[in-house]
Amino acid sequence: MTVNKKYFRLNKDQFRKWDIFCTKNGSEMYKNKDVYEVNYDADLDVYDIGITFTEQSGMNNFLINLTTEGLTN
């Protein structure tokens, strides 16, 4: 079975905020059996965060808000 994932690219500051989010919401993520993956690209100094489309702990909303912060239409 293949699990479809959605990926978000974060810089170092965004990753720190993601880490805090995960620490604060860890018990909810555990309860919901939500998982994520982190891939660090040292050449670009970025973090690629993968989450499943079925997550229930607010990770998707948090990452969308985090990666669109400061953008104007």
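## Sheet, helices and side chains of a predicted model

Reader: In strand β3, which residue is the bridge partner of N39?

Author: In this predicted model, residues are numbered from 1 along each chain as its sequence is written; local features need pLDDT of at least 70, side-chain atom pairs count only at pLDDT 80 or more, and totals for chains, interfaces and linings use all residues. Side-chain values use heavy atoms, with hydrogens and water left out. Strands (E, at least two residues) and helices (H or I, at least four) are DSSP runs, numbered from the N terminus. In β3, the bridge partner of N39 is D48.

Reader: How many bridges pair β2 with β3?

Author: Two strands pair if DSSP finds at least two bridges between them. Strand β2 spans residues 36–41 and β3 spans residues 46–52, and their pairing is antiparallel. G50 in β3 is the bridge partner of E37. The number of bridges between β2 and β3 is six.

Reader: Which residue takes a positive phi in the hairpin of β2 and β3?

Author: Four residues lie between the two strands of this hairpin. The positive phi is near 55°, and the residue that takes it is D45.

Reader: In what order do the strands of the open sheet lie?

Author: Strand β1 (residues 5–10) is joined to β3 by six bridges and runs antiparallel to it; F8, for example, has I49 of β3 as its bridge partner. The sheet is open, has three strands and pairs in the antiparallel sense, with the order β1-β3-β2. Each edge strand pairs on one side only, and these edges are β1 and β2.

Reader: What angle does the direction of α2 make with that of β1?

Author: Axes are lines fitted to C-alpha atoms, for helices over the stretch in contact (heavy atoms within 4.5 Å), and angles run from 0 to 180 degrees between N-to-C directions. Helix α1 lies across β1, β2 and β3 and runs at about 135° to β1. Helix α2 packs on the sheet and touches β1, β2 and β3, and its angle with β1 is about 35°.

Reader: How many residues of β3 are buried?

Author: Buried means under 20% relative accessible area, exposed over 50%, and partly exposed in between, with a 1.4 Å probe and protein chains only. V46, D48, G50 and T52 point one way from β3, while Y47, I49 and I51 point the other way, and all are buried. Strand β3 is therefore largely enclosed by the rest of the structure, the buried count being seven of seven.

Reader: Why are W18 and F21 about one helical turn apart, and in which helix?

Author: W18 is buried, with a relative accessible area of 1%. W18 and F21 are separated by about one helical turn because they are three residues apart in helix α1.

Reader: Is Q56 buried or exposed?

Author: Q56 lies in the loop between β3 and α2 (59–68). Leaving aside neighbours within four places in sequence, Q56 is in contact with N32 and D34. Its C-alpha is 8.7 Å from that of E28, 28 residues away in sequence. With a relative accessible area of 56%, Q56 is exposed.
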